[in-house]
Each structure stands twice: as structure tokens, then as C-alpha cells.
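Dear colleague,

Please find below the structure that I am handing over to you, followed by an account of what was found in it.

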Amino acid sequence: MANYTTADIKELRERTGAGMMDVKKALDEADGDTAKALEIIRVKGLNKASKREGRATAEGLVAATVVDGAGYMLELNAETDFVAKNEKFVELANKALEAAVANNVADVDALLAAKIGDNTVAEEIEELSGVLGEKIQLRRLEKVEGALVKAYLHKTSQDLPAQVGVLFAVDGTGEAAETAAHDVAVHAAAMAPVYLTREDVPEDLVAEERRIAEETARAEGKPEQALPKIIEGRMTGFFKEKVLVDQPFAKDTKQSIQQVLDAAGVKAVAFARFRVGA
């Protein structure tokens, strides 16, 4: 019989989340060597994970933090909301976020290669995937920097972790900047802007929207002399929908986001918005 103790079983269960019988079998196979048993459990988890590669990961959570003027936000996906609210899944997301900060990484590949203890983030994901029986995927990571960065997380269901996250950065600090940046981050979570400023909208998309606006106005029989004004009006509507600083402020639609920031004496410099699965 392999030489291992109840404490060895407990330690491996805590480290892997595997069932007691699975842990015992691994220890028996490893002849009591806990390091080798851990490897066996991980390998078995990898085998299970490989069968799940084609499955959709539409559930999950968004996690975000701000450290020293830099905001980090990630989306970690699973197949079901049952796993998305699992304590170990949430813990993995938080550990991955800590790894992003510690290693100052700004893209998914770099974060997957970063370390959490002795393992990489990718290895931790594979291991937990095997334990929980679902495909788990680190879908995206964003880093936002500025003189002041605000993070806002929103739960679409009280039973689940945050499903929507926003990072928003401005070029100044102070009480007014703090309030405005927070309010704009909350606004962005609700109103789903795609671009920060008009300059960020791709030129080909602007041209396509302008073409559609013109063709629509002609199809409606609008007078030729009125077309330029009508087209510009519809383009303004397009920008108000897609561009953060052009949007009417959710708390006071008489103001635009740009006016809110102007009143606070700051300028928007960056933002990111994630919604799980979107």
C-alpha cells in the first residue's frame, strides 16, 4: 500500500478540488509521492478538458482592479452559470487578475503565460477545467492607464458574479474628477458605448453610415437641398449612440458626457467595457 497520510489527501483535495477517491487513486498510482499525484490529477484534468474544446463558453464573469494609475480587467468564461458562480472559478479569476497586475501584462497570451504560484495561469485554467468538468476560457484582458482610473462592475443577476465591467480613465485628479469618472464609468456600463471619441470610429464605418444616411433620405423623398443637413443630423445620432463622450449623460440627459467631463475639468483618455459573452 502506498505511503501517504490523511493530511496528504486533504492537501491535494484543497489544491485541486478533486474528489477524495480521485485523490486516493492518484496517490496510490504515485506510490504516495504528492508531487507526482498532483501531476496525475492535472493530466487527467487535461484529458477531460481536451474533450471540451469545442464547447461554447457563453457564461462567466468580469473582474477588474485599479493599481497605481493602471486599471486591469478580464473576462473569464465557462459553459454554465452554475460554474460561473462556483467559489473556485471566482477565486481563479481573482488570482489571474492579481497575476496581470504583478506581471504588468496587457494581453491574454502574456497573462496565460504568467505564474500563479508554481503554475502558469493557463495551467491553472486547465486544472480547474478538469476539476469542474467544463471548458474554461480566459477570453480577454484590457489594461487602461491615466492620471485617474475608475473601475465599475455590475451584476445583471444577484445570484451571479459581475457580468459587466468598465474601466474609464481621465487626465486629471481631484474630488470633481473622482465623481465625474465614477459617474461616467457607471453610465458606460448601462449605455454600452463602443468608442471613446469620434476620432476612434473607423473611417470606413463612418463612410458606410454616411452612405446609408444619404440613401435613406433619398428613398424617403427628402428635398435635394435639405440632404446635407439631414445626413449630418443622422450622423450625429449615430455618434450619440456609439461614442461615449457624445452620449447624453444617463443621470441628466440634458448634458453630454463631454459636458460632464468639461465641468469637472478633465479629459477622457481611455476606456474599456466588457459584457460576458458579448
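Which residues does K115 touch, not counting residues up to four places away in sequence? They are A99, N103 and T120, where contact means heavy atoms within 4.5 Å. K115 has its place in strand β3, residues 115–116; helices (H or I, at least four residues) and strands (E, at least two) are DSSP runs, numbered from the N terminus. With a relative accessible area of 48%, K115 is partly exposed; buried means under 20% relative accessible area, exposed over 50%, and partly exposed in between, with a 1.4 Å probe and protein chains only. The C-alpha atoms of K115 and K24 are separated by 28 Å, the two residues being 91 residues apart along the chain.

Please note that this is a predicted model, in which local features need pLDDT of at least 70 and side-chain atom pairs count only at pLDDT 80 or more, while totals for chains, interfaces and linings use all residues. Residues are numbered from 1 along each chain as its sequence is written, and side-chain values use heavy atoms, with hydrogens and water left out.

The annotated domain

The UniProt record, an unreviewed entry, places the feature "domain: Translation elongation factor EFTs/EF1B dimerisation" at residues 71–277. UniProt positions follow the numbering used here, feature names are shortened, and annotations may be inferred rather than shown by experiment. Over residues 71–277 the chain is 47% helix and 24% strand, and the C-alpha atoms at the ends of this stretch are 21 Å apart.

Helix packing

Helix α5 (residues 87–103) packs with helix α7 (residues 121–132) at an angle of about 180 degrees, and their axes are 11 Å apart. Axes are lines fitted to C-alpha atoms, for helices over the stretch in contact, and angles run from 0 to 180 degrees between N-to-C directions. The helices α5 and α7 are therefore roughly antiparallel to each other; angles under 35 degrees count as roughly parallel, over 145 as roughly antiparallel, 65 to 115 as roughly perpendicular and the rest as oblique. On the α5 side the contact is made by K88, F89, L92, A96 and A99, and on the α7 side by V121, E124, I125, L128 and L132. Of these contact residues, eight are nonpolar, none is polar and two are charged. Here Ala, Val, Leu, Ile, Met, Phe, Trp, Tyr, Cys and Pro count as nonpolar, Asp, Glu, Lys and Arg as charged, and the others, Gly among them, as polar.

Nonpolar cores

A nonpolar core is a set of buried Ala, Val, Leu, Ile, Met, Phe, Trp, Tyr and Cys residues joined through side-chain atoms within 4.5 Å. The largest has 34 residues, and those with the most contacts inside it are F168, V170, L196, V201, F239, L244 and L261. Two or more residues each come from β7 (164–170), α8 (175–191), α9 (203–219), α10 (227–242), α11 (257–264) and β10 (268–275). Helix α8 gives the largest share of this core, seven residues. A second, separate core has 27 residues, including A70, Y72, L76 and A114.

Individual residues

G69 is found in the loop between β1 (59–67) and β2 (70–78) and is partly exposed, with a relative accessible area of 26%. Leaving aside neighbours within four places in sequence, G69 is in contact with V144, E145, G146 and V149.

D31 is in the loop between α2 (20–29) and α3 (34–50) and counts as exposed, at 57% relative accessibility. N104 lies in the loop between α5 and α6 (108–113) and is partly exposed, at 47%.

F82, in helix α4 (residues 81–84), counts as exposed at 62% relative accessibility.

Yours sincerely
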